[in-house]
Amino acid sequence: MKISNKKRFLILIFVVSFFSGVLGLRLLLTAMGVPSFDVVLTALFGEGNPWALVFSITLILLIVFGLSKAIERYNVQQVK
């Protein structure tokens with residue numbers, strides 16, 4: 001099975017973006033003194049508070065919902 005050049009390019013963009021987000025952005029924000037997400041949750045809700053878990057799950061669901069809507073919109077545009 002041969003992968004087209006466009007798909008290969010899109011996979012490369014995804015991999016580079018993923019690693020830059022995981023490594024580069026994390027190091028940049030740490031160098032700037034921005035606290036990590038667990039520090040922010042502890043400061044907002046306190047240690048061991050179950051609302052921190054609810055808040056985290058809500059954020060994750062919002063991100064997944066937004067991504068699914070964006071992918072759906074992209075697929076509808078491709079069909080036209």
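**Exercise 1. Which residues form a nonpolar patch on the surface, and about how much accessible area do they have together?**

Solution. Keep in mind that this is a predicted model.
- Step 1: collect the members, which are Ile-3, Ile-11, Phe-14, Val-15, Phe-18, Phe-19, Val-22 and Leu-23.
- Step 2: take their accessible area together, about 750 Å².
- Step 3: zoom in on one member, Phe-18, which sits in helix α1 (residues 5–32). Its relative accessibility is 45%, so Phe-18 counts as partly exposed.

**Exercise 2. Compare the reach of helix α3 with the span expected for it, then find the residue that caps its N-terminal end.**

Solution. 
- Step 1: helix α3 covers residues 50–79, which is 30 residues.
- Step 2: from first C-alpha to last, α3 reaches 44 Å, close to the 44 Å expected at 1.5 Å a residue.
- Step 3: the N-terminal cap of α3 is Asn-49, with a side-chain oxygen 3.0 Å from the backbone nitrogen of Trp-51.

**Exercise 3. Where is Gly-46, and what distance separates its C-alpha atom from that of Leu-10?**

Solution. 
- Step 1: Gly-46 belongs to the loop between α2 (37–45) and α3.
- Step 2: Gly-46 counts as partly exposed because its relative accessibility is 30%.
- Step 3: Gly-46 and Leu-10 are 36 residues apart along the chain, and their C-alpha atoms are separated by 42 Å.

Key
Residues numbered from 1 in each chain as written. Predicted model: local features only at pLDDT ≥ 70, side-chain atom pairs only at ≥ 80, totals over all residues. Heavy atoms only, no water. Patch = residues over 30% accessible without salt bridge, like charges linked within 9 Å, V, L, I, M, F, W, Y side chains within 5 Å. Areas by Shrake-Rupley, 256 points an atom, 1.4 Å probe, with all protein chains shown as cover. Salt bridge = Lys/Arg side-chain N within 4 Å of Asp/Glu carboxyl O. Helix = DSSP H or I, 4+ residues; strand = E, 2+ residues; numbered from the N terminus. Buried < 20%, exposed > 50% of the residue type's maximum accessible area, 1.4 Å probe, protein only. Expected span 1.5 Å × (residues − 1). Polar contact = N/O pair within 3.5 Å; in protein donor to acceptor, adjacent residues only side chain to side chain.
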